[in-house]
Amino acid sequence: MTGLPRGLAGRTAVVTGGAQGIGAAVTERLGAEGCRVVVLDKSADHGRAAVDAWRRQGRAVHLAVGDVTDQQAVQAAFAGVPAGWPRPTLLVNLAAGFVFKGLEATPEEWHAAFDPTVIGLSLVTRQFVAGLPERDADAAIVNMASISAHIAQSGYLTYNTSKAAVLGFTRCTAQELAPRGIRVNSVSPGTVWNANNERYHREVLGLDRATAEAAPEHGGKFLLGRFADPAEVAAPIAFLLSSEASFITGADLPVDGGYLAV
Ligand SMILES: NC(=O)c1ccc[n+]([C@@H]2O[C@H](COP(=O)([O-])OP(=O)(O)OC[C@H]3O[C@@H](n4cnc5c(N)ncnc54)[C@H](O)[C@@H]3O)[C@@H](O)[C@H]2O)c1
């Protein structure tokens, strides 16, 4: 355990999209804080590889392979929490639809953007809440938005509107769930240097990380002049879940190297 943030050790967390990228960093961080973690991810291959590695380190991590848009899979994931683990009181919703289209987007593409990011978010949240007591649940949820939820970006209509919906979902569920002692917040990261972004910059733009970060239109657009590491997003998520954030709900925390400040 790192000593901070408080109030996480011994609890059970569910992390959707927890097998890779930012989700894997969240799983890693919550495990380091002494949480048991259920990873709900549709990728069996990545999920098994990641969970096997964490277990070899002695972490309590359970893999539920399933798609967040599949109500039965979501129910099964919560029903399959290992015996002896406390009921989940922490939830991190990261699974999303990565569809980058403008007005030309077809209905199928709109569904591919919205179904995981918004419908899946609602299914998982509903199932999580169903397992909590009616009052004094002492539970917390963090949803994944993005700087894209706050701004216009050319060719990003589908993604940005789905992420803007996450902000609305967060505020409305914060209001609905506050009387039960459940806090709901979101984070809005800028570009995070994960495997997908590394591949995109290398294969599409022909840039390595250092060159991309030095470019004004890439890393240079963040006040701090660089991209984030996944662990730099996992840390504020752990904070928002913890008792350090006990009076924070309905909020969105930019984790964007100052991008939204200017
Ligand atoms: N990478 C960035 O720069 C960045 C910036 C801001 C916000 N985000 C957001 O952070 C989150 C994670 O992004 P990432 O870049 O780490 O992604 P990633 O592709 O590295 O990992 C996403 C994980 O989610 C899983 N997943 C996807 N759809 C799913 C579904 N329907 N059901 C269950 N699991 C599903 C995938 O299998 C994968 O393991 C997303 O919500 C993304 O929009 C990312």
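View 1. An oxygen atom of the ligand lies 2.8 Å from an N or O atom in the side chain of Lys 163. At Lys 42 a polar backbone atom is 3.1 Å from a nitrogen atom of the ligand. A polar contact is a pair of N or O atoms within 3.5 Å. The model is predicted, and side-chain atom pairs count only at pLDDT 80 or more, local features needing at least 70, while totals for chains, interfaces and linings use all residues. Residues are numbered from 1 along each chain as its sequence is written, and side-chain values use heavy atoms, without hydrogens and water.

**View 2. The shell around the ligand.** Of 28 residues around the ligand (a heavy atom within 4 Å), Asp 41, Leu 94, Tyr 159, Val 192 and Asn 194 come nearest.

**View 3. Domains at the ligand.** The ligand lies between domain 1 (12-192 + 230-249) and domain 2 (194-227), because both give residues to the shell; the bounds come from an automatic or database domain assignment.

Terms used: A polar contact is a pair of N or O atoms within 3.5 Å; within protein, one must be able to donate a hydrogen and the other to accept it, and residues adjacent in sequence count only if both atoms are side-chain atoms.
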